[in-house]
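This report describes one protein chain and its ligand.

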Amino acid sequence: MSNCLFCKIINKETPADIVYENEKVIAFKDISPKAPIHILIVPKKHITSLKEVKIKDKELLGELFLVAKKIAWDKNLKGYKLIVNVGRKAGQIVDHLHIHLLSGKPSHHNKLWATPK
Ligand code: AMP
Ligand code: ZN
């Protein structure tokens with residue numbers, strides 16, 4: 001999709017802070033983070049929203065969740081939220097399916113910054 005922001009990021013026409021990429025999925029930092037960790041996990045295939053997902057996309061949907069798990073593991077996140085906004089009324093502004101991964105600071109950082117007792 002030529003006019004889609006996330007397709008432009010996927011095609012490297014628009015810069016993004018990419019944290020993970022494979023053949024089917026890309027993940028990059030949200031430009032306007034709502035939490036200390038805010039990453040968007042995006043299929044490379046242009047799908048407008050969860051509403052448009054087809055049965056044949058089943059494996060791709062699984063892949064998105066596995067990428068979320070991998071990023072969380074790599075960053076040593078102890079807890080995190082995954083959010084999918086579906087439609088304008090739910091706050092979806094970019095019409096290319098994506099999962100928001102939101103979390104506090106990675107736990108090793110928390111340890112480093114913890115106030116000594
Ligand atoms: P949604 O509201 O679910 O459609 O989420 C779209 C997200 O994309 C928002 O959290 C935006 O902050 C984020 N966003 C918009 N433009 C960019 C960009 N160029 N790079 C990274 N994230 C972006
Ligand atoms: Zn797109």
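Strands are DSSP runs of E with at least two residues, and they are numbered from the N terminus. Ile41 belongs to one of these, strand β3. The model is predicted.

**Overall fold**

The protein chain contains three helices and five strands. Along the sequence they are arranged as α-β-β-β-α-β-β-α. The protein chain has 117 residues, of which 35% count as buried.

**The ligand and its surroundings**

Ligand 1 takes up the space of the largest pocket. Two elements, α1 and β2, each give two or more residues to the shell around ligand 1. The largest share of this shell comes from α1, with three residues.

There are 17 residues around ligand 1, and those that come nearest are Asp30, Gly91, Ile93, His98 and His100.

| Residue | Part of the residue | Distance to an oxygen atom of ligand 1 |
|---|---|---|
| Asp30 | N or O atom in the side chain | 2.5 Å |
| His98 | polar side-chain atom | 2.8 Å |
| Val94 | polar backbone atom | 2.9 Å |

How much of the accessible area of ligand 1 does the protein cover? On its own, ligand 1 has 510 Å² of accessible area, and the protein covers 88% of this.

**A histidine with two contacts**

His38 lies in strand β3, which spans residues 37–43. The side chain of His38 also reaches the backbone nitrogen of Lys34, at 3.0 Å. Is His38 buried or exposed? With a relative accessible area of 5%, His38 is buried, since buried means under 20%.

**The aromatic pair**

The structure holds one aromatic pair. It is formed by Phe6 and Phe28, whose ring centres are 5.3 Å apart and whose planes meet at 80°, so the pair is edge-to-face. The cut-off behind this step is that planes over 60 degrees apart count as edge-to-face. In general, a pair of aromatic rings is described by the distance of the centres and the angle of the planes.

Which parts of the chain does the pair tie together? Phe6 is in helix α1 (residues 5–10) and Phe28 is in strand β2 (residues 25–29), so the pair links parts that are 22 residues apart in sequence. Phe6 is buried, at a relative accessible area of 4%. Phe28 is buried as well, at 3% relative accessibility.

The two elements that hold this pair, α1 and β2, are also the ones that give two or more residues to the shell around ligand 1.

The C-alpha atoms of Phe28 and Ile41 are separated by 6.9 Å, and the two residues are 13 residues apart along the chain. Ile41 is buried, with a relative accessible area of 0%.

**Two loop residues with positive phi**

Most residues other than glycine have a negative phi. Two residues described here have a positive value. Phi of Lys12 is near 60°. Lys12 lies in the loop between α1 and β1, the latter spanning residues 18–21.

Asn76 is not a glycine either, and its phi is about 60°. Its place is the loop between α2 (58–74) and β4 (81–83).

How accessible are these two positions? Lys12 has a relative accessible area of 48% and is therefore partly exposed. Asn76 also counts as partly exposed, at 28% relative accessibility. Both values fall in the range between buried, under 20%, and exposed, over 50%.

Key
Residues numbered from 1 in each chain as written. Chains lettered and ligands numbered in written order. Predicted model: local features only at pLDDT ≥ 70, side-chain atom pairs only at ≥ 80, totals over all residues. Heavy atoms only, no water. Phe/Tyr/Trp six-rings, centres within 6.5 Å; stacked < 30°, edge-to-face > 60°. Helix = DSSP H or I, 4+ residues; strand = E, 2+ residues; numbered from the N terminus. Buried < 20%, exposed > 50% of the residue type's maximum accessible area, 1.4 Å probe, protein only. Near = heavy atom within 4 Å. Polar contact = N/O pair within 3.5 Å; in protein donor to acceptor, adjacent residues only side chain to side chain. Areas by Shrake-Rupley, 256 points an atom, 1.4 Å probe, with all protein chains shown as cover. 1 Å grid on protein atoms, 1.4 Å probe; cavity = no way out; pocket = protein on both sides within 12 Å on 5 of 7 lines; lining within 4 Å. Sits in = over half its atoms within 2 Å of the grid points.
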